[in-house]
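Please keep the sequence and the structure in view while reading.

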Amino acid sequence: MDQKLVIDCQTGQASWLDLNADEQAALLARQGQPDPFAAAIAAAEQRKADLDALLAQFRVKTDVQAVVGKQPS
Amino acid sequence: MLRNDLSLIDAHDHTSGKGALGPIVRAAPAQILAANAATITFSNISQAFQHLQLRLLSRSNAAAAVDYVYVQFNGDATKANYWYVQTRSVGGGTPTILTTSASDLGVLVAEVPAGSSEANAAAVCTVDIFDYARTLWKKRVQSINSAREGSAATAWVQNQIGGGWLSTSAVTSLTLVLLTGSFRGDTVAELYGVP
């Protein structure tokens, strides 16, 4: 049985208690589930990569236009 | 004149002690866990402070590289009552702003190494809980967290998280819970009161 720690701030007493049935079931249900942040982090990194690629294209375009004396459109 | 100046600075409630000039103090004895704990609860929190500050040094025993710490208020497990937004930075990378989210576990406050992370690496976080005892504002939380989850720079993480509990009730208990694992023994958990 897993345990939880409860600290009473009025008395300063710390107590180790067994999880009740509901708490134990909730803990088991959470174990092994996929990382919920992985997809969000991957999506954010992909957005950044897309923006970096777009910025790189813009830089090439403005560099070429500077050489031929044209203003960027 | 001097007294007037001081009264402006020391504009606190002399009855409750809130807002008084003075150091922050422990609201409960510091806890260094003697064993793994599924949750850590600070109960019967004194209402005598203006703000609370939680400090945590920890690691999860989950069978993964990373786990996440949440703070639940007064035992409320209603997902709709919590919100947070997170800015996550890693070594050598550009910060990513993750979308606002909510969980029935509470407010996200930290990312911590877990079972398959670098040995003996722990995460730290400092969580401020503002004006927790008054019943005017919905409760606000702000956390700074850093973690080393491996030897590569991309596994050195820093999070800045803002969030809250959508209740005006006074906060009387805080429960720390991990998304998937238990807090490893030797975790250090401290709750401070800010006058």
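Two residues are taken to be in contact here when heavy atoms of theirs lie within 4.5 Å. In this predicted model, 37 residues of chain B are in contact with 25 residues of chain A. The points below take up the interface, then the sheet, and then the salt bridges.

**The interface of chain B and chain A**

- The size of an interface is often given as the accessible area lost when the parts come together.
- For chain B and chain A the buried area comes to about 2,300 Å², and carbon and sulfur atoms give 62% of it.
- Ten residue pairs are found in polar contact across the interface, with both residues at pLDDT 80 or more, whereas the count of salt bridges between chain B and chain A is zero.
- On the side of chain B that touches chain A, two or more residues each come from strand 3 (39–43), strand 5 (66–73), strand 6 (82–90), strand 7 (96–101) and strand 12 (174–178) of chain B.
- Strand 3 of chain B gives the most to that side, with five residues.
- By residue class, the side of chain B that touches chain A divides into 23 nonpolar residues, 13 polar residues and one charged residue.

**The sheet that holds strands of both chains**

- Strand 1 (residues 3–8) of chain A runs parallel to strand 3 of chain B, and four bridges join them; within this pairing, V6(A) has T41(B) as its bridge partner.
- These strands belong to an open sheet of six strands with mixed pairing, in the order 2(A)-1(A)-3(B)-12(B)-5(B)-8(B).
- Strand 2 (14–18) of chain A and strand 8 (107–113) of chain B stand at the edges, and because each has a single partner strand, one side of each is left without a neighbour in the sheet.
- Neighbouring strands of this sheet are turned against each other by 20 degrees on average, with direction ignored.
- Strand 5 and strand 12 of chain B pair in the antiparallel sense over five bridges, and Q72(B) stands opposite T175(B) in strand 12 of chain B.

**Salt bridges**

- Side chains of opposite charge can pair when their charged atoms come close.
- Over all chains the count comes to six salt bridges, one of them between E190(B) and R26(B), whose closest N and O atoms are 2.6 Å apart.
- This pair links distant parts of the chain, since E190(B) lies in strand 13 (residues 188–194) and R26(B) in strand 1 (residues 25–26) of chain B, 164 residues apart.

Technical notes
Residues are numbered from 1 along each chain as its sequence is written. Chains are lettered from A and ligands numbered from 1 in the order in which they are written. This is a predicted model: local features need pLDDT of at least 70, side-chain atom pairs count only at pLDDT 80 or more; totals for chains, interfaces and linings use all residues. Side-chain values use heavy atoms; hydrogens and water are left out. Buried area is the accessible area (1.4 Å probe) that two parts lose on being put together, summed over both. A salt bridge is a side-chain nitrogen of Lys or Arg within 4 Å of a carboxyl oxygen of Asp or Glu. A polar contact is a pair of N or O atoms within 3.5 Å; within protein, one must be able to donate a hydrogen and the other to accept it, and residues adjacent in sequence count only if both atoms are side-chain atoms. Ala, Val, Leu, Ile, Met, Phe, Trp, Tyr, Cys and Pro count as nonpolar, Asp, Glu, Lys and Arg as charged, and the others, Gly among them, as polar. Two strands pair if DSSP finds at least two bridges between them. Axes are lines fitted to C-alpha atoms, for helices over the stretch in contact, and angles run from 0 to 180 degrees between N-to-C directions.
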